[in-house]
Amino acid sequence: MKKLMLPLVLLLLASGASAAIQMEPVDYKQGDTTLKGVLVYDDAAPGPRPGVLVVHEWWGLNDYARMRAKMLAEAGYVAFAVDMFGDGKTTDHPSEAGEWAAALAQNKGTAGARFKAAYELFRKDKRVDGSRIAAIGYCMGGSVVLTMATDGMDLKGVASFHGGFPGEPGKGPIKASLLICQGAADEFSTLEQARQFLGVLNSAGADYEFVVYSGAKHSFTNPGADGRGIPQLAYNANADHRSWATLLDFLGEVLK
């Protein structure tokens, strides 16, 4: 019996070794701009696996976006937190964040090119099943992923959380399924704007799910929203938890 115990213990230790979530900085280019993303994956999971691009809020690729990418890796996906501003720059100042986001919004070609640069790099990664890729975005990032979907990018699904809405129809056809999670009390991305965008989706025959959370303001998924000094922003724990559960169901369906 003692002779059998040691190999058994070693086997159990090996099989029960805890998985480690890896967060690898990745530099890539769009034109002359250096972008600094973060690839996040479970190094114990078999690959290749479905992938999810994560597009940050107007604050830049900060710890919040990294946290969401890590949560996706813990759920079994490979995640790539993309850099939309270049050089991985971030800010805590609303005026600066607004300037950066406005500059990107005014040049949609640049925004699209930066997203596509991340997408092309990501889908070729050995850990990623390039035929099963989705994208999620928060605030400004939500607008980016919705725009990519309406422009007809080859994504299985996109999910927007308290995101802005594209102001004009995309180039289509829309290939991705869409999940749109909005706060009923959002003063920046209003329900009236949402209704107009849903009209675009209906005309395009898109497959979408639209979820509204009562009492939720803009940035309802971000626990740091209340510390920004902006009364229109507020964290809402119920909306955060429910929308994340909805996202996991959505990804499980579109990336199955």
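Helix α3 (residues 94-106) comprises 13 residues and extends 18 Å from its first C-alpha to its last, close to the 18 Å expected at 1.5 Å a residue, where the expected span is 1.5 Å times one less than the number of residues. Helices (H or I, at least four residues) and strands (E, at least two) are DSSP runs, numbered from the N terminus. The model is predicted: local features need pLDDT of at least 70, side-chain atom pairs count only at pLDDT 80 or more, and totals for chains, interfaces and linings use all residues. Residues are numbered from 1 along each chain as its sequence is written, and side-chain values use heavy atoms, with hydrogens and water left out.

The buried residues of α3 are Ala-97, Gly-98, Trp-100, Ala-101 and Leu-104. They cover an arc of only 165° around the axis, which places them on the same side of α3; the arc is that of the directions from the helix axis to the C-beta atoms. Buried denotes under 20% relative accessible area, exposed over 50%, and partly exposed in between (1.4 Å probe, protein chains only). The face of α3 turned away from the buried side carries the exposed residues Ser-95, Glu-99 and Gln-106. The cover of the buried residues of α3 includes α4 (108-123) and α5 (140-150), contact being defined as heavy atoms within 4.5 Å.

The protein as a whole has 7 helices and 8 strands. Of its 256 residues, 49% count as buried. Among contacts between residues at least 6 apart in sequence, 64% join residues at least 24 apart. Along the principal axes, the C-alpha trace spans about 70 × 40 × 40 Å.
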